[in-house]
Amino acid sequence: MIDIQNSKDTREIPLQKVGVTDLSYPVQVLDKAEGSQKTCAKVNLFVNLPHNYKGTHMSRFIEIFHRHRENLGMKQFLFMLEEIRKSLDAERAFGSMEFPFFMKKQAPVSHAESIMCYECTYEGEVSSASSTFFIKIKIPVTTLCPCSKAISQYGAHNQRGIVTVKLKNSSLFWIEDVIEEVEKSASGGLYSILKRPDEKFVTEHAYENPRFVEDVVREVFIALKNFSKSEKPFSWFSVECKNFESIHNHNAYAYTEFNEA
């Protein structure tokens, strides 16, 4: 059959990205406790298109991703993109994969077990000369206002926050370990199940560990910079925190980033 995509284009306009977006697909990713876990991802896959090509073969993106769907650790994601690049004879291939990551978590006193969900995103780019990989993790936390605690005779207002870390990866690490470090940097982490003794504990723990949004970002920065001094898995990272204020009609926000270079 005639292959229109491979026909010549005379308009001399290269395209930086062509491909497929919003592909919902079951995948399997690495899990520290269980080895791997199944989840469902929303996927975007692209290659660049030289000016003389009319189009690309869209079906190949899906075919290749389908073959890799049950082994999509961080390095394997880049292998998948490289296969797409070579299959489509492209200079560069790009991709992102957003998925819920599930983690078993025990309540601090009763040890009641439940499952927490964290939003993760892979972002990758490969060429014949180089490759880059980022992972973004959104971690919900609780924060208690140091100022409110200092000026009040009793109590202090608190709120839920979202810490978003984006990490440039150069060696193996576990998503669960990053989540743990972020939660320790806030006034406390969140839980799906809390019995009354647990609720007492987390309330008092937050009161004893007040954090401004600025404090959270700085504490996470220190934790990630010292995450693994032997392997240095993050040559670049960013940290942002948004607190959904409980006594204001606005949110509090802070952001910073680290670049080893």
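# Close-up views

At 55% relative accessibility, R67 is classed as exposed. Exposed means over 50% relative accessible area, buried means under 20%, and partly exposed lies in between (1.4 Å probe, protein chains only). The model is predicted: local features need pLDDT of at least 70, side-chain atom pairs count only at pLDDT 80 or more, and totals for chains, interfaces and linings use all residues. Residues are numbered from 1 along each chain as its sequence is written, and side-chain values use heavy atoms, with hydrogens and water left out.

**View A. A salt bridge joins R67 and E83.** Twelve salt bridges are found in a search of the whole structure. In each, a side-chain nitrogen of Lys or Arg lies within 4 Å of a carboxyl oxygen of Asp or Glu. For R67 and E83, the closest N and O atoms are 2.4 Å apart. This pair links distant parts of the chain, with R67 in helix α1 (residues 58-68) and E83 in helix α2, 16 residues apart. Helices (H or I, at least four residues) and strands (E, at least two) are DSSP runs, numbered from the N terminus. E83 is partly exposed, because its relative accessibility is 26%.

**View B. Helix α2 holds both K86 and E82.** Their side chains meet in a salt bridge, 3.8 Å from N to O. The two residues are four apart, about one turn of the helix. K86 has a relative accessible area of 59%, so K86 is exposed. E82 has 21%, so E82 is partly exposed. A network of salt bridges links E82, R85 and K86.

**View C. E91 and R92 form a salt bridge.** Here the closest N and O atoms lie 3.7 Å apart. R92 counts as partly exposed, at 26% relative accessibility.

**View D. F77 and Y122 belong to one aromatic cluster with F99 and F133.** The whole structure contains twelve aromatic pairs. F77 and Y122 make an edge-to-face pair, 5.5 Å centre to centre, with 70° between the planes. This pair links distant parts of the chain: F77 lies in helix α2 (residues 74-87) and Y122 in strand β4 (residues 113-127), 45 residues apart. Both F77 and Y122 are buried. Rings of Phe, Tyr and Trp (its six-membered ring) pair if their centres lie within 6.5 Å; planes under 30 degrees apart count as stacked, over 60 as edge-to-face and the rest as tilted.

**View E. F77 and Y122 are buried; F134 and W236 pair edge-to-face, because their planes stand at 85° with ring centres 5.6 Å apart.** The F134 pair also links distant parts of the chain, with F134 in strand β5 (residues 131-144) and W236 in strand β8 (residues 234-243), 102 residues apart. W236 counts as buried, because its relative accessibility is 17%. K166 lies over the face of F134, 5.1 Å from the ring centre. A charge sits over a ring if NZ of Lys or CZ of Arg is within 6 Å of the ring centre and within 35 degrees of the ring normal.

**View F. The charged end of K17 sits over the ring of F94.** The distance to the ring centre is 5.0 Å.

**View G. Strands β2 and β3 pair in the antiparallel sense.** Strand β2 (residues 35-49) and strand β3 (residues 92-106) share six bridges. Strands pair if DSSP finds at least two bridges between them. G95 in β3 stands opposite L45. In β4, the bridge partner of G95 is G124. β3 and β4 run antiparallel, joined by 15 bridges. Their hairpin has six residues between the strands, and H111 takes a positive phi near 60° there.
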